[in-house]
Amino acid sequence: MPSTDITLAEFQGLIRAMYLEKDLERGIDGTFMWLMEEVGELAAALRERDTQAQEGEFADVLAWLATIANVAGVDLTAAVRAKYGEGCPGCAALVCVCENEKP
């Protein structure tokens, strides 16, 4: 049975294949506004504790993040690997031991 897993690179490529032409026309500013709208919808689903809606909104936020990365020319896999691939960017530990809430 084939795997249904999808890598971040595959997902970004899928979003690129489906929407890049429209996304480039919209540009970074317009795309960013769509991302923020989806973050707001995710916040509402979390606040309402609506598990089904949360799943869809998490997917939408990830899709719009991939979209804006495509428009900006950012490889999300490379960016994640560079920032988090060796551990916490603040303390460099695999399990964060930073004293601040956010490293």
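This is a predicted model: local features need pLDDT of at least 70, side-chain atom pairs count only at pLDDT 80 or more; totals for chains, interfaces and linings use all residues.

**The annotated stretch and its surroundings**

Analyst: Happy to. According to the unreviewed UniProt entry, residues 32-81 carry the annotation "domain: NTP pyrophosphohydrolase MazG-like". Within residues 32-81, 88% of the span is helix and 0% is strand, and its end C-alpha atoms are 23 Å apart.

The C-alpha trace spans about 40 × 40 × 35 Å along its principal axes. Of the 103 residues in the chain, 24% are buried.

Let's begin with helix α1, which covers residues 8-47. If its 40 residues formed a straight helix, the span would be 58 Å at 1.5 Å a residue, yet the end C-alpha atoms of α1 are only 27 Å apart. Where does α1 bend? The place is glycine 27, and the bend there is about 105°. Glycine 27 is also one of the buried residues of α1. Others on that list include Phe11, Gln12 and Ile15, as well as Thr31, Leu35, Glu38, Leu42 and Ala45.

The side chain of aspartate 23 meets that of arginine 26 in a salt bridge, with 2.9 Å from N to O. In general, side chains of opposite charge can pair when their charged atoms come close. Why are these two partners about one helical turn apart? Because arginine 26 and aspartate 23 are 3 residues apart in helix α1. The salt-bridge count comes to 1.

Next comes the loop between α1 and α2, where arginine 49 is found. Arginine 49 has a phi near 55°, a positive value in a residue that is not glycine. As background, most residues other than glycine have a negative phi. Arginine 49 counts as exposed because its relative accessibility is 71%.

Leu8, Leu62, Leu65, Val80 and Tyr84 make a nonpolar surface patch of about 420 Å². The elements giving two or more residues to this patch are α2 (51-72) and α3 (76-84). Leucine 62, one of the patch residues, lies in helix α2 and counts as partly exposed at 38% relative accessibility.

Finally, the segment after α3 holds glutamate 86 and alanine 92. Glutamate 86 is exposed, with a relative accessible area of 74%. Between glutamate 86 and leucine 46 there are 30 Å from C-alpha to C-alpha, and the two are 40 residues apart in sequence. Alanine 92 has a positive phi of about 70°, although it is not a glycine, and it counts as exposed at 56% relative accessibility.

Notes. Residues are numbered from 1 along each chain as its sequence is written. Side-chain values use heavy atoms; hydrogens and water are left out. UniProt positions are given in the numbering used here, feature names are shortened, and annotations may be inferred rather than shown by experiment. Helices (H or I, at least four residues) and strands (E, at least two) are DSSP runs, numbered from the N terminus. Patches are made of residues with over 30% relative accessible area and no salt bridge: like charges are joined within 9 Å, nonpolar side chains (Val, Leu, Ile, Met, Phe, Trp, Tyr) within 5 Å. Accessible areas come from the Shrake-Rupley method with a 1.4 Å probe; for residues, only the protein chains shown count as cover. A salt bridge is a side-chain nitrogen of Lys or Arg within 4 Å of a carboxyl oxygen of Asp or Glu. Buried means under 20% relative accessible area, exposed over 50%, partly exposed in between (1.4 Å probe, protein chains only). The expected span of a helix is 1.5 Å times one less than its number of residues. The bend at a residue is the angle between axes fitted to the seven residues ending there and the seven starting there.
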